[in-house]
Amino acid sequence: MTDTSLRLSPQQKKRAKDIFSSPIASAVAIVIAVLWTIPTFGLLITSIRPEKDINTSGWWEFFINPNVSFENYEKVLFVGTGVNPPLFQYFFNSLAVTIPSVIFPITLAVFAAYALAWFDFKGRDAIFFTIFALQVVPLQLTLVPLLQLFAQGLVIGGVTLIPELGITGTYIPIWIAHTIFGLPLAIFLLHNFLRQIPRELIEAGRVDGANWFTMFTKIVLPLSVPAIASFLIFQFLWVWNDLLVGLTFGAGSKSVAPMTVRLGEMVGTRGSGWEVLTAGAFVSIVVPLIVFFALQRYFVRGLLAGSVKG
Amino acid sequence: MRGSVWDVIGPNFTLLIISLAAFAAAIYALFLIGSRASVRWQGWLRYGVFLGPALLLLLVGLIYPALRTIWMSFMDKRSENFVGFDNYLWAFTIPEIQVVLRNTVLWVIFVPLLSTLIGLSIAYMTDRMKRAGLVKSLIFMPMAISFVGASVIWGFVYNFEPSDRKPEIGLLNAILRSFGMESQNWMLNAPLNTFLLIIVLVWIQTGFAMVILSAAMKNVPDEVVEAAMLDGASNWNRFIRVTLPMIRGTVVVVLTTITIATLKVFDIVRTMTGGNFQTNVIANEMYAQSFRQLNYGQGSTLAVILFIAVIPIIWYNVRQLRLERTER
């Protein structure tokens, strides 16, 4: 390999780079990027136009006749319709659903990943491979029985293993469901990361008399902060944007349903005009967009660790 | 109205804070006990504290429900009587469900293929591009948007105005009209409507494919590419003969990851058409059977069909991981 590169003079190398960055390719890439953004841009523009303008002209005419109004946001956020509370309440629900659904699985996953990476015991590999395979099991396969568990407890052969918990219609089933569904990927990612901690470091800790618990807090946890950050963004976007878990484990209760559930309802009902829909949709996507643009680097790192193995 | 909102948020907020505090306290207590315990006790305790909670949750929350769903797929709608393979017979013979299966196949073919193809092209075009960051960010951005949000965005693009006298406010129909063509009610037009929904998921997944493939291309050594150039290979030949073979493994990973996501697609279909007008897919029909018809037998059967579809991918992934592990 090095032989061939030696044959290139600096000028040739420069020329090579120039050809690589062909202006046509760049232009095509820019055009695609613009095409990709137009739908979202149209939504944003529509959401800040007065209702009358939205229904009588396309959003692109905003640039001929720029009327800006934030009435749509006021209406959708703070004015309820009939039995439906305003979106503001669902916004709070989305936050309340997401925060524990991110913290719980990450905590439990760091624990499990630590154990799987550094405790020596029989069956360790079998457990690890099972967890790895569980990543791909469709949620749909677990929905109904898990819901029945929350509603009725678990009784096998007359023995009550899990009692009726009476938590249906609160956030708790949604938190637990997200925790369970997030665990396999989290354990897999963090395990890959924790395995890279040099063995000497762990052994030195053992020699110094640190036990498995202090070793976790003193050595393992500080070292795994970057991996935790990557998964944090991952899980945040996943939970915030989820519809299926919120819909099923929220048990149809408006007081716990996240924004995605409400937005889905609004699309389905007549009378929700585009002025409310576009503003509502923008409210629901603005938080993940901020997280995304601010922490894109960590997000990409997490994606790479999750899909490109080795 | 505002007052009543706080009446709901108040208790919910209290529950949130108490739960977070309880969780933190439980973890703290476990660590306190763990680090004070005698060495012999610790040997056992560490499994209970570190591995126990996750394993218990996976066992009770994933493995047990999955097995129970498989069992329920052989039972009637209320899981009271054994019906053998009746539900599977239903799934493969009823015409409506055949449309559902056909659509799912269309999704699973086109979404991974188109997303990966477009993602791959953009990754290649921007590989040596100066200041490609913004271009990539814009294409990657839909990854952060929920499927429901994306459905609203695209629902607006596909919007149809029934009256000729009013202007079209949907972008697609406005473009048609400006070319003097008649606007269309896109969502009613099968099978085109399924493809229009597929575009929404392609729009979301392309960014993912691009980012992963772009990172893989950065790992192709400059020397290899330069050697190909010296040999006079055209751009296209260089891509097919040099770049593509070197990132083949990553392409497979991207294809399978998107395939799994596509199999489970539910939000887009539910939000945009409700599964009507012959756009239904397995995951949406599974939801409808289990939670609207309350037919657990048929709902479970559809879930099991989804699971069977991913088994080859699970098998392949586990095999790859084993190979990697033995290489180390």
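Among contacts in chain A between residues at least 6 apart in sequence, what percentage join residues at least 24 apart? The share is 69%, where two residues are in contact if their C-beta atoms, placed from the backbone, lie within 7 Å. This is a predicted model, in which local features need pLDDT of at least 70 and side-chain atom pairs count only at pLDDT 80 or more, while totals for chains, interfaces and linings use all residues. Residues are numbered from 1 along each chain as its sequence is written, and chains are lettered from A, with ligands numbered from 1, in the order in which they are written.

Chain A contains 16 helices and two strands, these elements being DSSP runs numbered from the N terminus, with helices (H or I) of at least four residues and strands (E) of at least two. With a radius of gyration of 26 Å, well over the 19 Å that the globule rule gives for 310 residues, chain A is more spread out than a compact globule; the radius is taken over C-alpha atoms, and the rule is 2.2 Å times the number of residues to the power 0.38. The C-alpha trace of chain A spans about 80 × 75 × 35 Å along its principal axes. Of the 310 residues in chain A, 44% are buried, where buried denotes 20 or more other C-beta atoms within 10 Å of a residue's own, exposed 12 or fewer, and partly exposed the range in between, with C-beta atoms placed from the backbone.

The domain assignment divides chain A into domain 1 (2-69) and domain 2 (87-307), bounds that come from an automatic or database domain assignment. The C-alpha centres of domain 1 of chain A and domain 2 of chain A lie 34 Å apart, and the contact takes seven residues from domain 1 of chain A and seven residues from domain 2 of chain A. On the side of domain 1 of chain A that touches domain 2 of chain A, α3 (23-47) and α4 (51-56) of chain A each supply at least two residues, and the largest share, four residues, comes from α3(A).

Chain B has 14 helices and zero strands. Its radius of gyration is 26 Å, well over the 20 Å that the globule rule gives for 328 residues, so chain B is more spread out than a compact globule. Taken along the principal axes, the C-alpha atoms of chain B fill a box of roughly 75 × 60 × 55 Å, and buried residues make up 42% of its 328 residues.

Between the two chains, 102 residues of chain A are in contact with 104 residues of chain B. On the side of chain A that touches chain B, α3(A) gives the most, with 14 residues. That side has 66 nonpolar, 33 polar and three charged residues, where Ala, Val, Leu, Ile, Met, Phe, Trp, Tyr, Cys and Pro count as nonpolar, Asp, Glu, Lys and Arg as charged, and the others, Gly among them, as polar.

Some details of the backbone remain. Most residues other than glycine have a negative phi, and most peptide bonds are trans. In chain B, a cis peptide bond with omega of about 0° joins Ala190(B) and Pro191(B), and Pro191(B) is in the loop between α7 (171-178) and α8 (192-218) of chain B. Ser79(B), not a glycine, has a positive phi of about 60°; it is in the loop between α2 (39-72) and α3 (86-93) of chain B, and counts as partly exposed because it has 18 C-beta neighbours inside 10 Å.
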